[in-house]
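Let's take a walk through this structure, starting with one chain as a whole and then zooming in on a few places where parts touch.

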Amino acid sequence: MSVVAGCDVGSLTSKAVILKDKKIIASAIIKSKAKPQQSAEKAFVQALSDCSLDQADIQCCVGTGYGRNQISFVNHVVSEISCHAKGALWLMPSVRTIIDIGGQDCKIIKIDKTATVQNFLTNDKCASGTGRFLEVMAQILNIEISELGGLTQKSRSPITLASTCTVWAQADVIKHLNDGVPPEDIAAGINAAMANRVSILVRSIKPEKDICMTGGVAKNQGVLSVMEKILGQRIKKIRKADPQMAGAIGAALFALEKM
Amino acid sequence: MRVAGCDIGSLTAKVVILKDQEIESKTVQRCVSTPEKSAESVMDHAITQAGIKLADIDYIVGTGYGQKKIPFANHTESEITCHAQGVFALLPKVRTIVDIGGQDAKVVRINDRGVVSRYVYNDKCASGTGRFLEIMADALEISIEDMGTYHDQAKEKLHISNQCVIFAESEVISLINEGKETPDIVCGLHIALANRAASLAKSIGVEPKVAFTGGVAKNSGVFKALERSLKTLLEEYPIDPQISGAYGAAVLASRHIQ
């Protein structure tokens with residue numbers, strides 16, 4: 001019997017997952033705290049209590065994410081790219097291109113059938129095309145970021161945002177709101193802008209199928225369907241587990257190997 | 001002879017009236033709902049200040065992002081041309097102009113006749129424009145006009161690592177929470193902005209002498225930081241650097257009459 005854990009400390013959310021004999025028995029996702037150590041601990045403890053285990057029961061734990069080097073209880077650390085690759089392949093064995101949109105970055109990873117990374121691209125310099133863009137926009141619309149996708153589906157005539165830059169797009173959205181444009185049309189425009197921006201990155205790496213999306217934004221159907229249109233390729237939905245957990249799952253799989 | 005230049009920018013509208021080549025009146029106003037209204041309002045103010053009527057002005061050149069909508073302009077000229085002409089008329093030895101406005105930044109190279117040889121423009125990304133400072137001043141809860149003074153009080157050198165305005169804003173908030181002093185943060189922000197402008201300038205080459213114009217040039221902290229980034233002294237601009245484009249438009253108007 002093997003019991004391992006993976007901990008993914010991101011900029012906005014932190015995730016922990018516990019695998020028993022390669023099956024998810026518990027997982028937790030929390031809003032990240034000021035210090036990576038606090039975030040990791042909270043997520044980990046929540047996952048442990050979810051399956052009534054103690055820290056001592058975990059045979060090996062791997063940390064990943066931007067705060068990975070500041071987690072005291074992990075046995076090893078592995079890069080986010082490797083963990084996402086491994087996690088995504090486990091979630092969907094046919095996947096060869098992973099689009100991961102995180103809270104403050106965006107990664108496009110090409111892998112082979114063994115989850116070995118062939119090529120990758122990241123954007124963590126510009127807020128546009130990352131979860132942060134959607135967060136800023138949701139704030140202006142005074143809704144939760146998770147509501148953006150559903151709202152988009154009600155839209156009849158989506159607006160077009162003129163600017164890529166989050167700051168300029170913000171001003172644009174406020175202007176549309178003041179002009180009385182319905183929120184659903186604005187939400188649809190926001191999601192389309194997001195999809196456009198990410199698609200540029202995806203195209204430049206020449207995606208191979210199957211393509212999947214991980215990270216929180218993967219749950220936003222509005223972004224997903226526009227991206228499919230732009231890329232002219234299907235983005236397969238992950239159904240085995242929450243796509244936001246891919247990094248943590250990958251970390252746990254590495255823990256299994258390192259045991 | 002009386003001429004005027006009218007520069008309708010994205011944030012502010014400017015008018016300069018020249019009487020026999022000398023500035024008779026100048027006005028800077030925040031833009032209102034439409035470019036037409038901004039132009040009318042700023043011109044009204046400028047002529048009232050000069051104690052004249054619109055009909056007393058022989059020729060008006062319009063420029064800036066709203067140039068096509070200025071109802072009283074006799075013709076329009078590009079911002080780049082106007083900025084070049086404005087600087088060249090006042091400082092004929094200048095070969096490179098760095099202009100940072102509220103929503104854009106540009107670098108213009110001119111030759112010894114004031115003709116534009118190269119230019120580069122950023123209006124796609126808020127970083128490197130005046131908006132960067134506006135957002136940071138808000139986060140620091142200080143007035144943008146005071147940033148120059150804060151700059152001079154800095155003691156510790158702080159490095160702002162994020163270029164993106166959105167990410168840099170979070171970085172500034174973290175620095176505030178860590179207990180860093182406002183002057184040190186302000187100085188770090190000025191250096192970041194200056195470095196950004198300098199890399200734009202370096203992309204087309206910097207030939208001395210260099211002038212710094214646009215609303216941001218009024219900030220003495222950015223002025224000093226830009227001198228360090230470019231490793232060259234900047235020329236003292238003899239008029240309000242924010243009206244440089246409108247002044248250039250007025251210079252072009254006067255040439256049109258001669």
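## Chain B at a glance

Chain B is built from eight helices and nine strands. Its radius of gyration comes out at 19 Å, close to the 18 Å that the globule rule gives for 258 residues, so chain B is as compact as a globular protein of that length. Keep in mind that this is a predicted model.

Buried residues account for 52% of the 258 residues in chain B.

## Where the chains touch

What does chain B put up against chain A? Nine residues of chain B are in contact with 10 residues of chain A. Helix α5 of chain B (residues 165-177) supplies the largest share of chain B's side, with three residues. By class, that side of chain B has six nonpolar residues, one polar and two charged.

Now over to chain A. Helix α2 (residues 80-91) of chain A packs against helix α8 (residues 246-258) of chain A at an angle of about 95°, and their axes are 7 Å apart. With that angle falling between 65 and 115 degrees, α2(A) and α8(A) are therefore roughly perpendicular to each other.

Who meets whom here? On the α2(A) side you'll find, among others, His84(A), Trp90(A) and Leu91(A), while the α8(A) side includes Ile249(A), Leu253(A) and Phe254(A). The residues of this contact split into 10 nonpolar, five polar and two charged.

Another pair in chain A is helix α6 (residues 183-204) of chain A with helix α7 (residues 221-231) of chain A, which pack at an angle of about 50° with their axes 8 Å apart. That makes α6(A) oblique to α7(A). As for handedness, α6(A) passes α7(A) in a right-handed crossing.

The contact brings in residues of α6(A) including Ala188(A), Met194(A), Val198(A) and Arg203(A), and they sit on the side facing a set from α7(A) that includes Val223(A), Met227(A) and Leu231(A). Sorted by class, the contact of α6(A) with α7(A) has 12 nonpolar, four polar and one charged residues.

Note on methods: Residues are numbered from 1 along each chain as its sequence is written. Chains are lettered from A and ligands numbered from 1 in the order in which they are written. This is a predicted model: local features need pLDDT of at least 70, side-chain atom pairs count only at pLDDT 80 or more; totals for chains, interfaces and linings use all residues. Axes are lines fitted to C-alpha atoms, for helices over the stretch in contact, and angles run from 0 to 180 degrees between N-to-C directions. Helices (H or I, at least four residues) and strands (E, at least two) are DSSP runs, numbered from the N terminus. Angles under 35 degrees count as roughly parallel, over 145 as roughly antiparallel, 65 to 115 as roughly perpendicular and the rest as oblique. Two residues are in contact if their C-beta atoms, placed from the backbone, lie within 7 Å. Ala, Val, Leu, Ile, Met, Phe, Trp, Tyr, Cys and Pro count as nonpolar, Asp, Glu, Lys and Arg as charged, and the others, Gly among them, as polar. The radius of gyration is taken over C-alpha atoms; the globule rule is 2.2 Å times the number of residues to the power 0.38. A residue is buried if 20 or more other C-beta atoms lie within 10 Å of its own, exposed if 12 or fewer, and partly exposed in between; C-beta atoms are placed from the backbone. A crossing is left-handed if the near helix is turned anticlockwise from the far one by less than a right angle, and right-handed if clockwise.
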